[in-house]
Amino acid sequence: AGEPDLTAMAALHRSAYSAGHFMALLPEPVLAEYYRLFLGGGSRILIADTPSADGVAPVAAGFAVFGTDLGRRINQFKREHRAAIWRTAIAHPLMAVGKVLATTLGRETPHDPAPWLLLSIAVSGSRRGVGTALLREMLHIAEREGQHRLGLYVRHANVSAINAYLRTGFRIVASLADQYYMESSVPSSPSPSFSR
């Protein structure tokens with residue numbers, strides 16, 4: 001992915017994530033700025049394109065963001081876009097209070113996160129199999145680069161995503177405030193890669 005993909009990624013994020021996901025409530029320009037922080041420097045963004053109806057330009061069917069040093073970038077986003085985050089929290093007070101309570105009152109299982117993490121994966125609702133293809137491609141890239149583990153965090157309530165991750169070889173390693181930490185061992189033999 002590159003700069004020209006950020007607007008499409010923001011729109012796809014808002015449509016793919018449920019209204020119960022705080023980030024999906026942020027304005028699209030703010031989401032585009034969020035994903036800009038993950039272009040390069042140890043992180044990757046994969047885009048799955050499909051032909052457009054008119055056949056002129058490809059349309060983003062899904063994307064995945066993964067890599068290293070994600071926590072620092074998330075904290076940078078929170079600092080730089082504090083006002084937009086507060087405006088969104090004020091506009092959705094029940095969700096904001098629920099998030100604060102879950103984070104404050106939730107019990108955390110100690111865990112050692114993998115060096116490579118999946119930050120987000122978003123797929124157009126009409127594109128079945130794209131998420132699995134993106135996950136497999138991430139594992140292929142991790143294997144090529146000598147990584148042995150790929151981890152992710154998923155909300156407890158996101159049962160469909162949890163089941164999809166379990167089918168792809170992830171396992172639940174820890175439970176945090178309102179999410180699970182899941183991890184997959186990276187295969188040591190090459191897996192097929194889809195074309196870009």
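Seven aromatic pairs turn up in this structure. Keep in mind that the model is predicted.

Next, Tyr153 and Tyr181. The centres are again 5.0 Å apart, but the planes stand at 45°, so this pair counts as tilted. Where do the two residues sit? Tyr153 is in strand 4, residues 149–155, and Tyr181 is in strand 6, residues 179–185. The pair therefore ties together parts that are 28 residues apart in sequence. Tyr153 is partly exposed, with a relative accessible area of 29%. Tyr181 is buried, at 0%.

Back to Tyr34 and Tyr35 for a moment. Together with Phe38, Phe63 and Phe77, they form one aromatic cluster.

Now helix 7, residues 159–167. Which of its residues are buried? They are Ala161, Ile162 and Tyr165. Look down the helix axis. The buried residues fall within an arc of 100°, so they line one face of helix 7. On the other side, Ser160 and Arg167 are exposed.

What do the buried residues of helix 7 pack against? There are strands: strand 3 (116–123), strand 4, strand 5 (171–175) and strand 6. There is also helix 6 (130–144).

Last stop: after helix 7 comes Gly169. Its phi is positive, near 105°.

Definitions and conventions: Residues numbered from 1 in each chain as written. Predicted model: local features only at pLDDT ≥ 70, side-chain atom pairs only at ≥ 80, totals over all residues. Heavy atoms only, no water. Phe/Tyr/Trp six-rings, centres within 6.5 Å; stacked < 30°, edge-to-face > 60°. Helix = DSSP H or I, 4+ residues; strand = E, 2+ residues; numbered from the N terminus. Buried < 20%, exposed > 50% of the residue type's maximum accessible area, 1.4 Å probe, protein only. Arc of directions from axis to C-beta. Contact = heavy atoms within 4.5 Å.
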